[in-house]
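Reader: I'm new to this, so please pick one part, walk me through it slowly, and then follow the chain a bit further.

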Amino acid sequence: MAESMKGLKRTCRCTELSAEHIGQTVTVMGWVQKSRNKGGIVFVDLRDRSGIIQLIFEESNVGTEGFEKAAKLRSEFVVAVTGEVTERSGAVNENLKTGDIEVVAKDIRILSESETPPFPIEENSKTKDELRLKYRYLDLRRPDLQRNLILRSQVATLTRQFLAEEGFLEIETPILNKSTPEGARDYLVPSRVHPGSFYALPQSPQLFKQLLMCSGYDRYFQIAKCFRDEDLRADRQPEFTQIDMELSFVDVDDVIDVNERLLQKMFRLIDVEVPLPIPRMTWQEAMDRYGSDKPDTRFGMELKDVTEVVKGCGFGVFTGAIENGGSVRGINAKGQGAMPRKKIDKLVGFAKDFGAKGLAYLCIQEDGTYKSSFAKFMTEEEMNALVKAMEGESGDLLLFAADKNKVVWDVLGNLRLELARQMDLLDKNVYKFLWVTEFPLLEFNEELGRYQAMHHPFTMPMEEDLPFLDSDPGRVRAQAYDIVLNGTEIGGGSIRIHQNDIQEKMFEALGFTKEAAYSQFGFLLDAFRFGVPPHAGLAYGLDRLVMLMTKEDSIREVIAFPKVKDASCLMTEAPNVVDPVQLEELGIEITPQEQDGDKE
């Protein structure tokens, strides 16, 4: 039967004890990690969020009743123990922070008993994710997950302190908003008071933080919950957290300066020094060199444009792509020239998944001869010129894609990462930051037959590109910037449009009528009539950022209660059906949905 802790006060957490406390009487409380009964003595590893301390129970110290309690302890029992800190009687445990001391118990109370957990509470659990997430409250007791969430808390606290010192005000923006469906799908919330009308959960605080700049608050920040109804992946959840900020009377350099110093302080939490300034690269350079607007710069293997080298050669795949306005580019996988044909074929299949019609390859043998999928179509001079352009040497594997630029970038950018994984080039102990700037303002959506904003419709064009907004919208660059870490975009932002005429032109380029623009964004456009300061902002994905800091592969490992791939919670079984009375109050009727061709 559970005992009360009345009259007892915890004096410290487990690993707050050290050799300095030898001889002191302390009271510790926590969970039993493991218990070992050696007959006349019971050893217990007690765990709390700080770590583990070893407890010693002997009948001569704790009494008969206390020893009997100690003898019945099992994994995950919750106990309170008072005792004396002593030097460890056995060998020092180098793996524990408290490995040179132990607590000799004088009193024990069992505060709560536990059934046998469905899986061991231990670091680097091999338990299936489904089981861990069903019992997430147990999973969260694991020391590695606790370290992750402690670091997340430290990052949030440091961010608040830093931004407050920089003159930012923490202001909350609404969760129940108007739907503005330009981008990802909204999560909708029906209104009981306004039958047939819906709120939308925020995809970001974008419009409200711009309104705060219109209201004169100058520097705003918020650690904000955001929601997007989109397909999940390792670094994406339906609800996520942003470190969101907006600043008035600033340019790109001002925003970058504040954020570089913030990042530098954050990463000192994990003893990583971020050299400043962080390198910058335009979007165009990033695509040309890495085939990605979020390039991983921990390794080389950059793309080479060999279009001019192979123009007019005998290989129709290359020349055909060039004639159709595309390009031919390649990557050099150093030292991979002996890769078996079967493995190369797998790379070809991988490339096809990203839109390639095929993948041309050239292995440079140790004797300098070539083994290639296209050598028979080209002269020796053409082949030698191609190898020279690719800086090929004996033992290298050269891979080529030929198509429209967008396809070539996508194929080789992803192939570069796949080869890096195979070649073990992705060192999680290395942190490479990069600012990517000057994104295209707009991208053409073939399905919709119109331009879409690459970021959002409030991003300011580069001033020198403003004349092209009417004549050549695809040519216009944005005053936008993303911060990239090890090939993952961890944040992004832009200078905002603050002039009405430019905002109207932007909406025109996106295919909005004046009426449609006012229907969706009228409250912001109205605010712009009353004096708007130049302003800019940036938002980080806090989950992704902490995932990289903790060297995890999924943001689920840094979120207390995450969802799984179908956006459900295995622990609470959300989403779920609701009482028909609630639906009736909301005026909602559920219609049968087709599933696998059948109707429910």
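Author: Let's start with Asp107, which lies in strand β5 (residues 101-112); strands are DSSP E runs of at least two residues, helices H or I runs of at least four, numbered from the N terminus. This is a predicted model, where local features need pLDDT of at least 70, side-chain atom pairs count only at pLDDT 80 or more, and totals for chains, interfaces and linings use all residues. Residues are numbered from 1 along each chain as its sequence is written, and side-chain values use heavy atoms, leaving out hydrogens and water.

Asp107 is partly exposed, at 33% relative accessible area (buried is under 20%, exposed over 50%, partly exposed in between, 1.4 Å probe, protein chains only). Helix α1 (residues 59-71) gives the patch its largest share, 3 residues.

Now for another aspartate: Asp218 sits in the loop between α5 (206-214) and β9 (219-227). Its phi is positive, near 70°, though Asp218 isn't a glycine, and Asp218 is partly exposed at 32%. Asn486 has a positive phi too, about 50°. You'll find Asn486 in the loop between β20 (480-485) and β21 (488-495), but Asn486 is buried, at 9%.

Finally, look at Leu276 and Pro277: a cis peptide bond joins them, with omega about 0°. Pro277 is in the loop between α6 (252-268) and β11 (280-282).
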